[in-house]
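Reader: I've never looked at this one before. Could you show it to me and then take some questions?

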Amino acid sequence: MKKIYSLLFGILSLTAFSQDKMTFESATYLNDISIDQIPRFIELHKKFTDLSLGENRKINGDWLFRHWYGSGHTFVIYQQYETMEDYHSDGDIALSNIRNNINEINDEEKKEVLKKEWQEYRSFSNGHTDEIRGAYDSTGFLTVKNVNFDIPFVMSVGRYNSSGSWKKMGDSFFNWRIKPEVDNNVSIAGGVSYHYMGSGPEVEVWQAYNSLVDFATSVSNPSSDSSLSESRKSFWSLAEGDHEDQIYLHIGHVDLI
């Protein structure tokens, strides 16, 4: 059955590490979209994401987030893939699906309107940046039981470079923050990814919360569990140079798994 993009108005390694499978995620950062253009971009993103879908697609998911706090872009689009081969082939498949859906419209006036909207949507990508990241199954994606992503949840993202082992740094954050907070229902999900291709930091960590209140509570009331101190020390001992923090609001997604 065809999946439809779930819009809310009102993320997976480098190569196989031991037996830990790696999957991949593309991140597309859209810059300088003005506030008055944001609703139009969201409308068109949903429309053309729906038109791009089909059983031939290679993605596992497509997630749209709006930048809420921190420096940089207006939106980020995350797409997940099982392999790099899937990533490389999926763009042409998505484009072909959109073109086929447009060409199947019999009403010439409606077809021309849709073609103009497609050009308008593509124009939002002018000046975009992108990257590919890898994530291990064991630390790339952890959620609470029966997680509900069909809400405007909040996602915090930390982006770091490492003075040593990327994986040791990522595992340390996972054991220090992500797993305890998910296990204790403080956050609803979290994960770690690593730089693979394009521009981007070496280690990226993310956590999702049901609301801004839950996020603020987590930040202002860190865990006092002494058993986590070694993981915290290990993480910060490997953090090198300045790091970047972002807070995003979930706008919509389609999950094809």
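Reader: How far is R177 from the ring centre of W176?

Author: R177 lies over the face of W176. A charge counts as sitting over a ring if NZ of Lys or CZ of Arg is within 6 Å of the ring centre and within 35 degrees of the ring normal. For R177 and W176, the distance from the ring centre is 5.6 Å.

Reader: And what kind of model is this?

Author: Residues are numbered from 1 along each chain as its sequence is written, and side-chain values use heavy atoms, with hydrogens and water left out. Local features need pLDDT of at least 70, side-chain atom pairs count only at pLDDT 80 or more, and totals for chains, interfaces and linings use all residues; the model itself is predicted.

Reader: Back to charges over rings: which residue lies over the face of Y136?

Author: Here the distance from the ring centre is 5.0 Å. The residue over the face of Y136 is K167.

Reader: How many aromatic pairs does the structure hold?

Author: Rings of Phe, Tyr and Trp (its six-membered ring) pair if their centres lie within 6.5 Å; planes under 30 degrees apart are stacked, over 60 edge-to-face, and the rest tilted. By that count, the number of aromatic pairs in the structure is 26.

Reader: What angle lies between the planes of F65 and Y78?

Author: F65 and Y78 are 5.9 Å apart, centre to centre.

Reader: Are F65 and Y78 buried or exposed?

Author: Buried means under 20% relative accessible area, exposed over 50%, and partly exposed in between (1.4 Å probe, protein chains only). F65 and Y78 are both in one class: buried.

Reader: Which helix holds F235, the partner of W176?

Author: W176 and F235 form a tilted pair, with 5.8 Å between centres and 40° between planes. W176 is buried and F235 is too. The pair links distant parts of the chain, 59 residues apart: W176 sits in helix α5, while F235 sits in helix α7.

Reader: Where do the buried residues of α7 fall around its axis?

Author: S231, S234, F235 and L238 are the buried residues of α7. They cover an arc of only 100°, taken from the directions from the helix axis to the C-beta atoms. That puts them on the same side of α7.

Reader: What covers the buried residues of α7?

Author: Contact here means heavy atoms within 4.5 Å. The cover for those buried residues includes β7, α5 and β10.

Reader: How far apart are the end C-alpha atoms of helix α3?

Author: The expected span is 1.5 Å times one less than the number of residues. Helix α3 has 16 residues and should therefore span 22 Å. Its end C-alpha atoms agree with that, being apart by 23 Å.

Reader: How wide is the arc of the buried residues of α3?

Author: K111, L114, E117, W118 and Y121 are buried in α3. Seen down the axis, they line one face of the helix, because they fall within an arc of 120°.

Reader: Which residues are exposed on the other side of α3?

Author: The buried residues of α3 have a cover that includes α1, β4 and α2. On the other side of α3, the exposed residues are E109, K116 and Q119.

Reader: Which residue caps the N-terminal end of α3?

Author: A side-chain oxygen of the cap lies 2.9 Å from the backbone nitrogen of E109. The residue capping α3 at that end is D107.

Reader: Which side chain makes a polar contact with the side chain of S52?

Author: S52 is in helix α1 and is buried, with a relative accessible area of 6%. A polar contact is a pair of N or O atoms within 3.5 Å; within protein, one must be able to donate a hydrogen and the other to accept it, and residues adjacent in sequence count only if both are side-chain atoms. The backbone oxygen of T49 lies 2.7 Å from a polar atom of the S52 side chain. The side-chain partner of S52, also at 2.7 Å, is R57.

Reader: What is the relative accessible area of D32?

Author: D32 has a positive phi of about 55° although it is not a glycine. D32 is found in the loop between β2 and α1. D32 is exposed, with a relative accessible area of 76%.

Conventions. Helices (H or I, at least four residues) and strands (E, at least two) are DSSP runs, numbered from the N terminus.
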